[in-house]
Amino acid sequence: MANDAVFRIMTFNILAPCYKVTRSSSEADDRERVFRRLDRVLDAIEAADPHIIALQEVWLADDEYMETMRARLDSRYRFETMQRPGKADGLATLFDRRIEVLQADHQLLVPGGTRVASFFRVMLSELTGIPRSEAIVANTHLSFRSSPADEKARGEQAAALTAHVDTLTDAAGHTAPIVLVGDLNGQGDNALTYIAGNGYANAWPPSSGPLITHKTHERMSVVADYVFTKSPLPE
(Lines give C-alpha, C1' and ligand atoms only; values in the text may rest on other atoms or scores of the structure.)
Protein backbone atom coordinates (compact mmCIF):
# COMPACT_ATOMS: atom_id res chain seq x y z
CA MET A 1 0.00 0.00 0.00
CA ALA A 2 1.09 3.56 -0.51
CA ASN A 3 2.72 5.21 2.50
CA ASP A 4 -0.19 7.63 2.85
CA ALA A 5 -2.89 4.95 2.49
CA VAL A 6 -5.48 4.76 5.24
CA PHE A 7 -7.67 1.65 5.41
CA ARG A 8 -10.31 1.51 8.13
CA ILE A 9 -11.99 -1.63 9.47
CA MET A 10 -14.42 -1.63 12.40
CA THR A 11 -15.38 -4.55 14.63
CA PHE A 12 -18.43 -3.95 16.84
CA ASN A 13 -20.60 -6.28 18.93
CA ILE A 14 -23.86 -4.31 18.86
CA LEU A 15 -25.69 -6.53 21.41
CA ALA A 16 -28.88 -7.86 19.87
CA PRO A 17 -31.94 -6.49 21.75
CA CYS A 18 -33.09 -10.04 22.51
CA TYR A 19 -29.97 -10.41 24.70
CA LYS A 20 -30.16 -7.02 26.41
CA VAL A 21 -32.16 -8.08 29.43
CA THR A 22 -32.59 -7.20 33.08
CA ARG A 23 -34.37 -9.15 35.80
CA SER A 24 -37.63 -7.46 34.87
CA SER A 25 -37.51 -6.67 31.15
CA SER A 26 -36.02 -7.30 27.74
CA GLU A 27 -35.11 -4.47 25.40
CA ALA A 28 -36.68 -6.50 22.56
CA ASP A 29 -40.11 -5.88 24.13
CA ASP A 30 -39.72 -2.10 23.92
CA ARG A 31 -39.50 -1.08 20.26
CA GLU A 32 -38.78 2.56 21.12
CA ARG A 33 -35.72 1.55 23.15
CA VAL A 34 -34.61 -0.83 20.40
CA PHE A 35 -34.57 1.80 17.67
CA ARG A 36 -33.26 4.58 19.88
CA ARG A 37 -30.16 2.49 20.64
CA LEU A 38 -29.88 1.31 17.04
CA ASP A 39 -29.79 4.95 15.92
CA ARG A 40 -26.85 5.56 18.28
CA VAL A 41 -25.08 2.48 16.92
CA LEU A 42 -25.55 3.66 13.34
CA ASP A 43 -24.39 7.17 14.27
CA ALA A 44 -21.17 5.68 15.70
CA ILE A 45 -20.59 3.61 12.56
CA GLU A 46 -21.10 6.57 10.25
CA ALA A 47 -18.82 8.76 12.38
CA ALA A 48 -16.02 6.17 12.17
CA ASP A 49 -16.38 6.07 8.37
CA PRO A 50 -14.89 2.56 7.97
CA HIS A 51 -14.27 0.79 4.67
CA ILE A 52 -15.29 -2.56 6.19
CA ILE A 53 -17.64 -3.07 9.15
CA ALA A 54 -17.64 -6.39 11.03
CA LEU A 55 -20.67 -6.59 13.31
CA GLN A 56 -21.60 -9.30 15.80
CA GLU A 57 -24.88 -9.95 17.63
CA VAL A 58 -26.91 -8.38 14.85
CA TRP A 59 -30.65 -9.01 15.31
CA LEU A 60 -31.05 -10.67 11.93
CA ALA A 61 -34.38 -12.31 12.80
CA ASP A 62 -36.15 -8.95 13.14
CA ASP A 63 -37.12 -7.58 9.73
CA GLU A 64 -37.79 -4.01 10.87
CA TYR A 65 -34.43 -3.86 12.65
CA MET A 66 -32.59 -4.99 9.53
CA GLU A 67 -34.60 -2.69 7.26
CA THR A 68 -33.61 0.25 9.47
CA MET A 69 -29.95 -0.70 9.25
CA ARG A 70 -30.11 -1.05 5.49
CA ALA A 71 -31.96 2.25 5.06
CA ARG A 72 -29.06 4.05 6.73
CA LEU A 73 -26.12 2.11 5.30
CA ASP A 74 -27.12 0.33 2.09
CA SER A 75 -26.27 3.21 -0.25
CA ARG A 76 -22.60 2.98 0.72
CA TYR A 77 -22.16 -0.60 1.91
CA ARG A 78 -22.85 -4.07 0.60
CA PHE A 79 -24.28 -6.36 3.31
CA GLU A 80 -23.17 -9.97 3.90
CA THR A 81 -24.97 -11.75 6.75
CA MET A 82 -24.83 -15.09 8.57
CA GLN A 83 -27.47 -16.02 11.16
CA ARG A 84 -26.49 -18.46 13.88
CA PRO A 85 -28.42 -21.76 13.79
CA GLY A 86 -31.34 -21.71 16.20
CA LYS A 87 -30.59 -18.13 17.27
CA ALA A 88 -32.06 -14.72 16.46
CA ASP A 89 -28.68 -13.05 15.96
CA GLY A 90 -25.63 -13.45 13.80
CA LEU A 91 -22.91 -11.65 11.89
CA ALA A 92 -23.16 -8.82 9.41
CA THR A 93 -20.11 -7.79 7.41
CA LEU A 94 -20.45 -4.62 5.38
CA PHE A 95 -18.14 -3.59 2.54
CA ASP A 96 -17.70 -0.19 0.98
CA ARG A 97 -19.23 -0.62 -2.47
CA ARG A 98 -15.90 0.28 -4.08
CA ILE A 99 -14.51 -2.97 -2.67
CA GLU A 100 -15.07 -6.02 -4.88
CA VAL A 101 -16.03 -9.18 -2.98
CA LEU A 102 -14.40 -12.03 -4.90
CA GLN A 103 -15.52 -14.85 -2.62
CA ALA A 104 -17.82 -15.08 0.41
CA ASP A 105 -18.03 -18.15 2.67
CA HIS A 106 -20.27 -18.36 5.72
CA GLN A 107 -19.42 -21.30 7.96
CA LEU A 108 -20.57 -23.03 11.13
CA LEU A 109 -17.30 -23.32 13.03
CA VAL A 110 -17.95 -26.59 14.90
CA PRO A 111 -20.60 -29.17 13.93
CA GLY A 112 -23.50 -29.14 16.39
CA GLY A 113 -22.53 -25.72 17.74
CA THR A 114 -23.97 -22.26 17.19
CA ARG A 115 -20.83 -20.20 16.56
CA VAL A 116 -20.26 -19.04 13.01
CA ALA A 117 -17.76 -17.07 10.94
CA SER A 118 -17.80 -15.21 7.65
CA PHE A 119 -14.80 -15.30 5.34
CA PHE A 120 -14.09 -13.11 2.34
CA ARG A 121 -11.58 -12.61 -0.43
CA VAL A 122 -11.82 -8.99 -1.48
CA MET A 123 -10.18 -6.65 -3.95
CA LEU A 124 -9.30 -3.29 -2.44
CA SER A 125 -9.84 -1.11 -5.46
CA GLU A 126 -10.61 2.57 -6.01
CA LEU A 127 -9.94 3.43 -2.37
CA THR A 128 -7.96 6.63 -1.97
CA GLY A 129 -4.26 5.88 -1.59
CA ILE A 130 -4.70 2.10 -1.85
CA PRO A 131 -3.61 0.38 -5.06
CA ARG A 132 -5.66 -2.48 -6.45
CA SER A 133 -4.77 -5.43 -4.21
CA GLU A 134 -6.37 -8.54 -2.76
CA ALA A 135 -7.00 -9.16 0.94
CA ILE A 136 -8.71 -11.78 3.11
CA VAL A 137 -11.15 -10.74 5.83
CA ALA A 138 -12.75 -12.93 8.52
CA ASN A 139 -15.46 -11.90 11.00
CA THR A 140 -16.50 -14.07 13.95
CA HIS A 141 -17.85 -14.24 17.50
CA LEU A 142 -16.38 -17.00 19.65
CA SER A 143 -18.06 -18.62 22.65
CA PHE A 144 -18.01 -16.95 26.04
CA ARG A 145 -15.71 -18.79 28.42
CA SER A 146 -17.67 -19.81 31.52
CA SER A 147 -16.70 -23.47 31.98
CA PRO A 148 -14.04 -26.03 31.00
CA ALA A 149 -16.37 -27.17 28.20
CA ASP A 150 -16.41 -23.63 26.82
CA GLU A 151 -12.63 -23.54 26.96
CA LYS A 152 -12.47 -26.69 24.81
CA ALA A 153 -15.08 -25.35 22.40
CA ARG A 154 -13.19 -22.06 22.02
CA GLY A 155 -10.03 -23.93 21.08
CA GLU A 156 -11.93 -25.92 18.47
CA GLN A 157 -13.53 -22.74 17.09
CA ALA A 158 -10.14 -20.99 16.80
CA ALA A 159 -8.67 -23.99 14.98
CA ALA A 160 -11.59 -24.11 12.53
CA LEU A 161 -11.38 -20.35 12.01
CA THR A 162 -7.71 -20.30 11.05
CA ALA A 163 -8.03 -23.49 8.98
CA HIS A 164 -10.70 -21.97 6.77
CA VAL A 165 -8.70 -18.77 6.38
CA ASP A 166 -5.86 -21.01 5.14
CA THR A 167 -8.10 -22.33 2.34
CA LEU A 168 -8.76 -18.79 1.13
CA THR A 169 -5.06 -18.01 1.41
CA ASP A 170 -4.34 -20.97 -0.87
CA ALA A 171 -6.89 -19.64 -3.38
CA ALA A 172 -5.21 -16.23 -3.30
CA GLY A 173 -1.79 -17.73 -3.96
CA HIS A 174 -0.45 -16.81 -0.51
CA THR A 175 -0.04 -13.18 -1.58
CA ALA A 176 -2.97 -11.57 0.26
CA PRO A 177 -2.73 -10.00 3.72
CA ILE A 178 -5.26 -11.31 6.24
CA VAL A 179 -7.43 -9.34 8.67
CA LEU A 180 -9.24 -11.45 11.29
CA VAL A 181 -11.66 -9.51 13.47
CA GLY A 182 -14.50 -9.99 15.89
CA ASP A 183 -15.65 -10.51 19.44
CA LEU A 184 -13.31 -13.28 20.54
CA ASN A 185 -14.66 -13.22 24.10
CA GLY A 186 -11.36 -13.81 25.88
CA GLN A 187 -7.94 -12.71 27.03
CA GLY A 188 -4.84 -14.88 26.82
CA ASP A 189 -6.61 -18.26 26.81
CA ASN A 190 -6.04 -21.22 24.51
CA ALA A 191 -8.11 -19.77 21.65
CA LEU A 192 -6.19 -16.47 21.56
CA THR A 193 -2.88 -18.30 22.03
CA TYR A 194 -3.73 -20.60 19.12
CA ILE A 195 -4.49 -17.69 16.81
CA ALA A 196 -1.29 -15.86 17.77
CA GLY A 197 0.68 -19.09 17.37
CA ASN A 198 -0.49 -19.31 13.77
CA GLY A 199 1.28 -16.09 12.85
CA TYR A 200 -1.43 -13.51 13.61
CA ALA A 201 -0.41 -10.22 15.21
CA ASN A 202 -2.67 -8.22 17.50
CA ALA A 203 -3.25 -4.91 15.71
CA TRP A 204 -4.27 -2.95 18.79
CA PRO A 205 -1.60 -0.32 19.47
CA PRO A 206 0.40 -0.61 22.69
CA SER A 207 -1.31 1.23 25.53
CA SER A 208 0.02 2.72 28.74
CA GLY A 209 -3.05 1.44 30.55
CA PRO A 210 -5.45 -1.50 30.33
CA LEU A 211 -7.34 -1.79 27.04
CA ILE A 212 -11.09 -2.13 27.53
CA THR A 213 -13.40 -2.90 24.62
CA HIS A 214 -16.33 -4.68 26.22
CA LYS A 215 -18.48 -5.19 29.29
CA THR A 216 -19.43 -8.78 30.06
CA HIS A 217 -22.84 -9.94 31.23
CA GLU A 218 -21.33 -9.79 34.74
CA ARG A 219 -20.53 -6.08 34.07
CA MET A 220 -16.77 -6.70 34.04
CA SER A 221 -14.71 -4.40 31.81
CA VAL A 222 -12.43 -6.50 29.58
CA VAL A 223 -10.77 -6.67 26.20
CA ALA A 224 -12.82 -9.07 24.08
CA ASP A 225 -12.85 -7.47 20.63
CA TYR A 226 -9.83 -7.92 18.40
CA VAL A 227 -8.26 -7.04 15.10
CA PHE A 228 -5.58 -9.55 14.11
CA THR A 229 -3.44 -9.23 10.99
CA LYS A 230 -1.17 -11.63 9.14
CA SER A 231 1.21 -10.76 6.36
CA PRO A 232 1.41 -12.86 3.18
CA LEU A 233 4.27 -15.30 2.74
CA PRO A 234 7.33 -13.78 1.03
CA GLU A 235 7.67 -14.78 -2.61
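Helices, as named here, are DSSP runs of H or I with at least four residues, strands are runs of E with at least two, and both are numbered from the N terminus. By that definition R70 lies in helix α2, residues 63-73. The model is predicted, so local features need pLDDT of at least 70 and side-chain atom pairs count only at pLDDT 80 or more, while totals for chains, interfaces and linings use all residues. Residues are numbered from 1 along each chain as its sequence is written, and side-chain values use heavy atoms, with hydrogens and water left out.

The overall fold comes before the details. The protein has four helices and 12 strands. Its radius of gyration is 18 Å, close to the 18 Å that the globule rule gives for 235 residues, so the protein is as compact as a globular protein of that length. That radius is taken over C-alpha atoms, and the globule rule is 2.2 Å times the number of residues to the power 0.38. Taken along the principal axes, the box filled by the C-alpha atoms is roughly 60 × 45 × 40 Å.

Burial is judged by relative accessible area: under 20% is buried, over 50% is exposed, and values in between are partly exposed, with a 1.4 Å probe and protein chains only. Of the 235 residues, 46% count as buried. The protein exposes about 11,500 Å², of which carbon and sulfur atoms supply 51%; these areas come from the Shrake-Rupley method with a 1.4 Å probe. A contact means heavy atoms within 4.5 Å. Among contacts between residues at least 6 apart in sequence, 66% join residues at least 24 apart.

Two strands are said to pair if DSSP finds at least two bridges between them. Strand β2, residues 52-58, pairs with β4 in the antiparallel sense over five bridges, and I52 stands opposite F95 in β4. Strand β3, residues 77-83, also pairs with β4 in the antiparallel sense, over seven bridges. Here F79 stands opposite L94 in β4. β3 and β4 form a hairpin with six residues between them, and G86 in the turn has a positive phi of about 75 degrees.

The charged end of R70 sits over the ring of F79, 4.5 Å from the ring centre. For this, NZ of Lys or CZ of Arg must be within 6 Å of the ring centre and within 35 degrees of the ring normal. R70 touches F79 and T81, not counting residues up to four places away in sequence. At 34% relative accessibility, R70 counts as partly exposed.

Aromatic rings also meet one another. Rings of Phe, Tyr and Trp (its six-membered ring) pair if their centres lie within 6.5 Å; planes under 30 degrees apart count as stacked, over 60 as edge-to-face and the rest as tilted. This rule gives three aromatic pairs. The ring centres of W59 and Y65 are 5.6 Å apart and their planes stand at 70 degrees, so this pair is edge-to-face. W59 is buried because its relative accessibility is 8%, and Y65 is buried because its value is 2%. Y226 and F228 form a stacked pair, 5.5 Å centre to centre with 15 degrees between the planes. Both Y226 and F228 are buried.

A further group of strands makes an open sheet of six, in the order β5-β6-β7-β8-β12-β9, with mixed pairing. Its edge strands are β5 (100-108) and β9 (201-202), each of which pairs on one side only. Within the sheet, strand β6 (residues 116-124) and strand β7 (residues 133-141) pair in the antiparallel sense over eight bridges. The bridge partner of V122 is A135 in β7.

Most residues other than glycine have a negative phi, and most peptide bonds are trans. L15 is not a glycine, yet has a positive phi of about 55 degrees. L15 lies in the loop between β1 (9-13) and α1 (31-48), and is partly exposed because its relative accessible area is 25%. D49, also a residue other than glycine, has a positive phi near 55 degrees. D49 is placed in the loop between α1 and β2, and counts as partly exposed at 31% relative accessibility.
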